[in-house]
Amino acid sequence: MIAKNLKHLRHLKKLTQEILAEDLGVTRSRISSYEEGRSAPTLDFLITVSDYFKIPIDTLLRKNLTLKESASLINYEN
(Lines give C-alpha, C1' and ligand atoms only; values in the text may rest on other atoms or scores of the structure.)
Protein backbone atom coordinates (compact mmCIF):
# COMPACT_ATOMS: atom_id res chain seq x y z
CA MET A 1 0.00 0.00 0.00
CA ILE A 2 2.87 2.39 0.78
CA ALA A 3 4.14 2.24 -2.82
CA LYS A 4 0.81 3.37 -4.28
CA ASN A 5 0.24 5.92 -1.54
CA LEU A 6 3.66 7.51 -1.89
CA LYS A 7 3.25 7.89 -5.64
CA HIS A 8 -0.30 9.20 -5.28
CA LEU A 9 0.66 11.78 -2.65
CA ARG A 10 3.55 12.94 -4.81
CA HIS A 11 1.23 13.37 -7.79
CA LEU A 12 -1.38 15.22 -5.72
CA LYS A 13 1.30 17.69 -4.64
CA LYS A 14 2.52 17.92 -8.28
CA LEU A 15 6.04 16.88 -7.31
CA THR A 16 8.54 15.04 -9.45
CA GLN A 17 10.50 12.17 -7.95
CA GLU A 18 13.56 14.40 -8.10
CA ILE A 19 11.97 17.24 -6.13
CA LEU A 20 10.49 14.90 -3.52
CA ALA A 21 13.85 13.16 -3.16
CA GLU A 22 15.61 16.50 -2.61
CA ASP A 23 12.98 17.57 -0.06
CA LEU A 24 13.34 14.28 1.83
CA GLY A 25 17.13 14.09 1.56
CA VAL A 26 17.28 10.88 -0.48
CA THR A 27 18.07 9.94 -4.07
CA ARG A 28 15.52 9.91 -6.87
CA SER A 29 16.23 6.23 -7.44
CA ARG A 30 15.28 5.51 -3.83
CA ILE A 31 11.90 7.20 -4.31
CA SER A 32 11.44 5.25 -7.54
CA SER A 33 12.33 1.99 -5.82
CA TYR A 34 9.74 2.60 -3.09
CA GLU A 35 7.02 3.68 -5.54
CA GLU A 36 7.57 0.63 -7.71
CA GLY A 37 7.62 -1.71 -4.71
CA ARG A 38 11.14 -2.94 -5.44
CA SER A 39 12.18 -2.21 -1.87
CA ALA A 40 10.51 -1.40 1.41
CA PRO A 41 11.08 1.95 3.10
CA THR A 42 12.85 2.07 6.44
CA LEU A 43 11.08 3.22 9.58
CA ASP A 44 13.14 6.42 9.54
CA PHE A 45 12.00 7.14 5.98
CA LEU A 46 8.36 6.46 6.90
CA ILE A 47 8.65 8.97 9.73
CA THR A 48 10.11 11.53 7.34
CA VAL A 49 7.33 10.96 4.78
CA SER A 50 4.71 11.11 7.51
CA ASP A 51 6.05 14.45 8.70
CA TYR A 52 6.41 15.80 5.16
CA PHE A 53 2.84 15.02 4.08
CA LYS A 54 1.41 15.45 7.60
CA ILE A 55 -0.19 12.01 7.53
CA PRO A 56 0.20 9.37 10.26
CA ILE A 57 2.40 6.39 9.41
CA ASP A 58 -0.50 4.05 10.11
CA THR A 59 -2.53 5.82 7.42
CA LEU A 60 0.34 5.66 4.94
CA LEU A 61 0.67 1.93 5.47
CA ARG A 62 -2.94 0.78 5.86
CA LYS A 63 -5.29 3.15 4.01
CA ASN A 64 -5.74 3.35 0.27
CA LEU A 65 -5.10 7.03 -0.34
CA THR A 66 -5.49 6.61 -4.09
CA LEU A 67 -9.24 6.85 -3.54
CA LYS A 68 -8.74 10.54 -2.67
CA GLU A 69 -8.57 12.84 -5.66
CA SER A 70 -7.55 16.04 -3.93
CA ALA A 71 -4.67 16.87 -1.63
CA SER A 72 -7.07 18.93 0.47
CA LEU A 73 -9.12 15.80 1.18
CA ILE A 74 -6.12 14.01 2.62
CA ASN A 75 -6.10 15.39 6.11
CA TYR A 76 -5.67 12.72 8.74
CA GLU A 77 -3.94 14.83 11.36
CA ASN A 78 -5.13 14.35 14.92
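Predicted model: local features only at pLDDT ≥ 70, side-chain atom pairs only at ≥ 80, totals over all residues.
1. Some whole-chain numbers to start with. The protein chain has 78 residues, and 38% of them count as buried. Its accessible surface is about 4,900 Å², with 49% of that belonging to carbon and sulfur atoms. Taking contacts in the protein chain with a separation of 6 or more, 52% are between residues 24 or more positions apart.

2. Now to helix H3, which spans residues 28–35. Which residues of H3 are buried? They are Ile31, Ser32, Ser33, Tyr34 and Glu35. The cover over these buried residues includes helix H1 (2–12), helix H2 (17–24) and helix H4 (43–53).

3. Glu35 is the residue I'd click on. Is Glu35 buried or exposed? Its relative accessibility is 9%, and buried means under 20%, so Glu35 counts as buried.

4. What does Glu35 touch, if you skip residues up to four places away in sequence? The list is Ala3, Leu6, Lys7, Arg10 and Gln17. As for the spacing of some of those partners, an α-helix has 3.6 residues a turn, so residues three or four places apart point the same way.

5. One backbone detail to check while you're there: just after H3, Gly37 has a positive phi of about 75°.

How values were computed
Residues numbered from 1 in each chain as written. Heavy atoms only, no water. Helix = DSSP H or I, 4+ residues; strand = E, 2+ residues; numbered from the N terminus. Buried < 20%, exposed > 50% of the residue type's maximum accessible area, 1.4 Å probe, protein only. Contact = heavy atoms within 4.5 Å. Areas by Shrake-Rupley, 256 points an atom, 1.4 Å probe, with all protein chains shown as cover.
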